[in-house]
Amino acid sequence: SVTDQAFVTLATDDVYCQGALVLGQSLRNHKTSRKLAVLITPEVSSGMRSVLSSVFDEVIEVSVLDSADSVHLALMQRPELGVTFTKLRCWTLTHYSKCVFMDADTLVLCNVDELFDREEFSAAPDSGWPDCFNSGVFVFRPSLKTYRLLLQFAAEHGSFDGGDQGLLNSFFSNWATADIGKHLPFLYNLSSSSVYTYVPAFNHFGRDAKVVHFLGATKPWNYKYNLQTKRVMQDDTTAESFHQLSFLALWWNIYSASILPLLE
Ligand code: UDP
Ligand code: MN
């Protein structure tokens, strides 16, 4: 049934919560039939938690590292992976049978409930290295067994990129070759910056984009937005393409219309 399936995101601070809220609102706008869950860490303020609960069905606090885990000490040697391991906590949500994880810097452009037809582990190619998947959108099955195996793998092998993406790609290492059904179309994780690396493809396929991912250092909430003209303001050092700007404007439309009123 659909009530035991959920979209899951993560926000470890109030800044990333802004992204989570826009993502959650975009899923609501497109009438998802699944539950919405957000993982947060103790750092998230109480005010933000109550705003999150007006958009998400579940706000779940997790610790950055679980002291009860056998690999705790090994993980403590690698503090830079703290946020990474928080993402892995999504496998502990065993009251759901299947979930779709989405980064807090993603935005859905239409209903994407058909993602639940896919199996663990499904993800879209990474635009920088297409034999790797991008870990910003993936289908998984919560399981304490998988969770423990992931932590154990992390403690033993670390992550080749220092983040969750390297770790998950090493763990689900047959993704590239084993089952094409586990390759989500790129349209489900369209990195807004890759739009201009293959402009003809974007012009041809881009209208069917389903999920935009604002990956990279500059997130939508780092831009300035003019509430009157409804335009994202560019500074001189950045040269966002027209399409990137329209995706940013879409994010800001949702943020200003639906989220800002909740934060006031
Ligand atoms: N994240 C978080 N706090 C942080 C960094 C990351 O909550 O300080 C979460 C958030 O859900 C974010 C995801 O981890 O979307 C992955 O990080 P990010 O999107 O910044 O990485 P990128 O997609 O740019 O590689
Ligand atoms: Mn991201």
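Let me start with arginine 34, which, neighbours within four places in sequence left aside, is in contact with Val2, Gln5, Ala6, Phe7, Asp57, Asp113 and Phe116; contact means heavy atoms within 4.5 Å. This is a predicted model, where local features need pLDDT of at least 70, side-chain atom pairs count only at pLDDT 80 or more, and totals for chains, interfaces and linings use all residues. Residues are numbered from 1 along each chain as its sequence is written, chains are lettered from A and ligands numbered from 1 in written order, and side-chain values use heavy atoms, with hydrogens and water left out.

Arginine 34 sits in the loop between helix 1 (14-29) and strand 2 (35-40); helices (H or I, at least four residues) and strands (E, at least two) are DSSP runs, numbered from the N terminus. Its relative accessibility is 14%, so arginine 34 counts as buried, that is, under 20% relative accessible area with a 1.4 Å probe, protein chains only.

Now the metal. The manganese ion (ligand 2) is coordinated by Asp103 (OD), Asp105 (OD), Asp105 (OD) and His213 (NE2), at 2.2 to 2.4 Å. Donors here are N, O and S atoms within 2.8 Å of the metal (3.2 Å for Na, K and Ca); water is not among the atoms, so sites may look incomplete. The spacing of the donor residues in sequence is D-x1-D-x107-H. Aspartate 105 lies in the loop between strand 4 (98-102) and strand 5 (106-108), and histidine 213 in strand 9 (residues 211-213), so the pair ties together parts 108 residues apart in sequence. Aspartate 105 is buried at 4% relative accessibility, and histidine 213 is buried at 2%.

Definitions and conventions:
Buried means under 20% relative accessible area, exposed over 50%, partly exposed in between (1.4 Å probe, protein chains only).
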